[in-house]
Amino acid sequence: MSTAPGTDPLLQPFRLRHLTLRNRLMSTAHEPSYSEDGMPKDRYRLYHVEKAKGGIALTMTAGSAVVSPDSPPVFGNLLAYQDEIVPWMRRLTDDCHAHGAAVMIQLTHLGRRTVWNKADWLPVLAPSPVREAAHRAFPKALEDWDIARIVGDYAAAAARMEAAGLDGIEIEAYGHLPDQFWSPATNHRDDVYGGSLENRLRFIKQVLAAVRAATTPRFIVGVRMVADEDWDIGLSRQEGVEIARRLVATGQVDFLNVIRGHMDTDAALTRVIPIQGMRAAPHLDFAGEVRAATHFPVFHAARIQDVATARHAITAGKLDMVGMTRAHIAEPHIARLLAEGREAEIRPCVGATYCLDRIYEGNDAVCVHNAATGREATMPHVITPVDGPRRKIVVVGAGPGGLEAARVAAARGHAVTLFEAAEKPGGQILLACRLARRRELIGIVDWRMQRLAGAGVRSRFGTYADASDVLAETPDVVILATGGVPNTAVLEAGNDLVVSTWDVLSGAVAPAARVLVFDDNGGHPAMQTAELLAEAGSTVEIITPERYFAPEIGGMNHTLYAAAFHRRSVRVTINARLLSVRREGNTLAATIGSDHGPQRFERVADQVVVEHGTLPVIELYDAMRPYSVNSGEVDHPALLAGRRQDVKRNPVGLFQLFRIGDAVASRNIHAAIFDALRLVKDL
Ligand SMILES: Cc1cc2nc3c(=O)[nH]c(=O)nc-3n(C[C@H](O)[C@H](O)[C@H](O)COP(=O)(O)O)c2cc1C
Ligand code: SF4
């Protein structure tokens with residue numbers, strides 16, 4: 001149920017000392033890996049400015065901006081130890097302030113949560129030489145001179161941020177150096193920094209004192225802190241809440257941003273930052289307990305994806321500021337839409353966590369279904385109406401790419417007709433949703449269908465459009481988003497004996513007792529097929545020619561597959577390539593080789609599933625090309641520069657013809673949506 005904007009608890013201001021935050025919505029620190037040379041240049045700035053335009057009250061920039069060279073940037077972190085950062089942050093801050101948002105930055109020393117083979121190759125440091133599983137560095141135990149240097153580095157970095165005009169900073173103390181001192185799991189010291197809680201708090205207190213000494217009293221300083229590591233060898237809830245109290249008692253902290261959990265493995269991190277299919281807002285009540293125990297401003301984020309939960313967090317007195325971080329990656333204009341009474345138009349975060357998984361793989365964070373995020377210089381979040389003539393646009397295919405094309409075309413003001421062969425929209429998203437824990441992906445489809453309904457798009461479901469159907473519309477532009485079909489014919493022999501991941505996911509074939517899944521793609525389809533089969537009771541083995549399995553899936557999505565595979569004893573064999581399948585009585589015999597040698601081995605199975613991506617469905621494209629002006633050609637320089645397509649290869653052509661998504665080549669949801677937005681925004 002939506003709330004009248006004037007009375008919406010989320011839209012009430014919050015006063016943090018002298019600073020008035022215009023509402024209760026914030027984006028917590030996150031490193032999108034948009035930095036260039038470690039600096040927040042235009043891409044970084046425009047990303048945050050978009051949220052400011054969208055009405056957010058506070059954007060916590062960076063994620064883990066590093067204060068020292070011996071905290072090497074492991075996922076594109078900003079280099080807060082360089083003076084050069086000041087003018088870049090000044091520009092970002094000024095632009096966000098101009099749109100009414102407060103700006104802070106998260107500062108950190110990563111301690112052991114980094115790698116040794118980046119940047120300056122300085123040794124990785126930690127309170128004790130305890131390795132973090134996720135980043136694999138064996139740290140050196142900090143010496144007294146290391147501690148003194150790093151405390152000074154925090155202060156210098158804070159001073160730089162004040163010089164850049166920021167409203168404040170937040171010190172990262174979960175999984176990073178400050179709380180590596182707090183946690184019994186990582187602090188085994190027997191000097192004045194180890195043992196008693198007071199000793200373990202010595203480092204953060206020195207940091208806070210140094211930061212306060214280096215900045216003016218108006219500068220806001222908060223701590224993003226773990227208050228319960230939820231770990232048998234880690235920091236207990238009692239000690240965590242006590243730390244919160246003692247930090248408040250220093251008088252040097254202005255807010256606490258509460259975290260529950262630890263993150264030294266992918267599995268643990270996924271409990272701190274839950275992904276789709278996991279519980280919503282699992283740590284909200286705990287954050288509320290810390291607020292009650294400290295009577296202090298408390299911020300918190302962890303899968304608060306929808307405004308109803310966010311509202312509850314405020315009205316129930318659990319939080320002062322609600323972090324909706326991925327929610328703002330998916331929709332940077334949440335506050336504006338709320339204020340305009342347009343809550344239903346908020347593009348939902350579907351928890352796919354494509355964004356976060358990508359940064360741990362060395363890529364930039366992009367949203368699975370908002371292709372404008374992180375591309376603000378070239379891609380619009382708000383589609384503007386066309387200034388030229390309105391055109392008749394036919395879109396064929398209502399998967400993610402086709403729906404996005406229809407949405408953007410309609411928002412441009414064009415007259416849009418959408419054909420879809422199936423009775424329902426969604427394409428391959430419908431298959432992905434067959435795994436119950438991924439059902440939230442349907443939000444990608446539903447949100448677009450609602451936009452189409454409001455924009456008067458003519459949708460014709462259950463219609464396998466042929467050339468005559470399309471020509472009958474007398475279109476100016478035809479966009480083919482006809483997708484692909486599974487490409488399983490990749491074996492030397494026995495291609496007729498295997499089934500596809502689609503066959504299994506759609507329910508077209510029933511799970512057999514013993515199933516071999518050959519994943520020669522590396523993404524979700526084979527993983528989710530294996531999970532579905534295993535949960536249905538099949539004995540499953542995945543084989544892959546890769547050196548580790550599912551390389552296209554990041555660590556957090558991997559976690560839930562791995563948990564299911566562990567639970568159901570799914571066997572995974574890497575460095576193995578399925579060569580052929582033959583029938584042997586009632587069973588199938590699979591011959592398996594390797595790219596690494598001539599040896600062969602066999603497996604006996606009742607069902608063999610082959611995943612090798614899709615082949616584009618191009619019959620309609622081939623049929624339409626002769627009628628088109630451009631013969632399907634895309635002017636790439638124009639596409640990349642954001643200019644209108646104007647290729648003319650056929651003087652008697654009737655319309656422009658384009659294909660997008662898997663109708664071009666087998667890729668993923670984001671690629672299909674990006675194809676559509678990039679092309680159609682300029683039509
Ligand atoms: C791409 C990405 C990078 C992140 N990097 C950081 C980081 O550097 N420091 C941090 O404290 N949290 C980081 N986070 C965690 C977020 O601040 C937030 O706690 C998390 O996304 C859960 O909130 P949400 O469910 O509202 O997204 C990151 C999140 C994302 C999506
Ligand atoms: S990729 Fe998924 S989790 Fe990340 S912002 Fe987009 S919808 Fe949300």
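Helices (H or I, at least four residues) and strands (E, at least two) are taken here as DSSP runs, numbered from the N terminus, and by that scheme His 295 is found in the loop between α9 (284–294) and β11 (298–300). This is a predicted model, in which local features need pLDDT of at least 70 and side-chain atom pairs count only at pLDDT 80 or more, while totals for chains, interfaces and linings use all residues. Residues are numbered from 1 along each chain as its sequence is written, chains are lettered from A and ligands numbered from 1 in the order in which they are written, and side-chain values use heavy atoms, with hydrogens and water left out.

**Backbone: positive phi values**

- Most residues other than glycine have a negative phi.
- His 295, a residue other than glycine, has a positive phi near 50°, and His 295 is exposed at a relative accessible area of 72%, where buried means under 20% relative accessible area, exposed over 50% and partly exposed in between (1.4 Å probe, protein chains only).
- Arg 303 likewise has a positive phi, near 55°, and lies in the loop between β11 and α10 (307–315), but Arg 303 is buried, with a relative accessible area of 8%.
- Gly 317, which follows α10, has a positive phi near 70°.

**Helices and their packing**

- Helix α6 (residues 202–214) has 13 residues and spans 18 Å from its first C-alpha to its last, close to the expected 18 Å, the expected span being 1.5 Å times one less than the number of residues.
- The buried residues of α6 are Phe 203, Ile 204, Val 207, Leu 208, Ala 210, Val 211 and Arg 212, and the elements that cover them include α3 (144–163), β8 (168–173), α4 (177–182), α5 (197–200), β9 (220–226) and α7 (237–249), contact being heavy atoms within 4.5 Å.
- In α10 the buried residues are Val 307, Thr 309, Ala 310, Arg 311, Ala 313 and Ile 314, and these pack against α9, β12 (321–323) and α12 (334–339).

**Salt bridges**

- Side chains of opposite charge can pair when their charged atoms come close.
- The whole structure holds 52 salt bridges, each defined as a side-chain nitrogen of Lys or Arg within 4 Å of a carboxyl oxygen of Asp or Glu.
- Arg 91 and Asp 42 form one of these, with the closest N and O atoms 3.5 Å apart; because Arg 91 lies in helix α2 (residues 85–98) and Asp 42 in helix α1 (residues 42–53), the pair ties together parts that are 49 residues apart in sequence.
- Arg 91 is partly exposed at 41% relative accessible area, and Asp 42 is also partly exposed, at 38%.
- Arg 113 and Glu 132 meet in a salt bridge at 2.6 Å, N to O; Arg 113 lies in the loop between β5 (102–108) and β6 (125–126) and Glu 132 in the loop between β6 and β7 (140–141), so this pair ties together parts that are 19 residues apart in sequence.
- Both Arg 113 and Glu 132 are buried.
- Asp 146 pairs with Arg 149, the closest N and O atoms being 3.1 Å apart, and both lie in helix α3, three residues apart, about one turn of the helix.
- Asp 146 is buried at 2% relative accessible area, whereas Arg 149 is partly exposed at 30%.
- Asp 146 and Arg 149 belong to a network of salt bridges that also links Asp 70, Lys 140 and Glu 143.

**Cysteines**

- The structure holds zero disulfides, a disulfide being a pair of cysteine sulfur atoms within 2.5 Å.
- For Cys 96, which is in no disulfide, the nearest cysteine sulfur is that of Cys 367, 19 Å away.
- Cys 96 is buried at 0% relative accessibility, and Cys 367 is buried at 7%.

**The surroundings of ligand 2**

- Ligand 2 is surrounded by Arg 326, Ile 329, Ala 330, Cys 349, Val 350, Gly 351, Ala 352, Thr 353, Tyr 354, Cys 355, Cys 367 and Val 368, a residue being near a molecule if one of its heavy atoms lies within 4 Å of it.
- Both α11 (325–330) and α13 (354–360) supply at least two residues of this shell, and α11 gives the most, with three residues.
- The shell divides into nine nonpolar residues, two polar and one charged, where Ala, Val, Leu, Ile, Met, Phe, Trp, Tyr, Cys and Pro count as nonpolar, Asp, Glu, Lys and Arg as charged, and the others, Gly among them, as polar.
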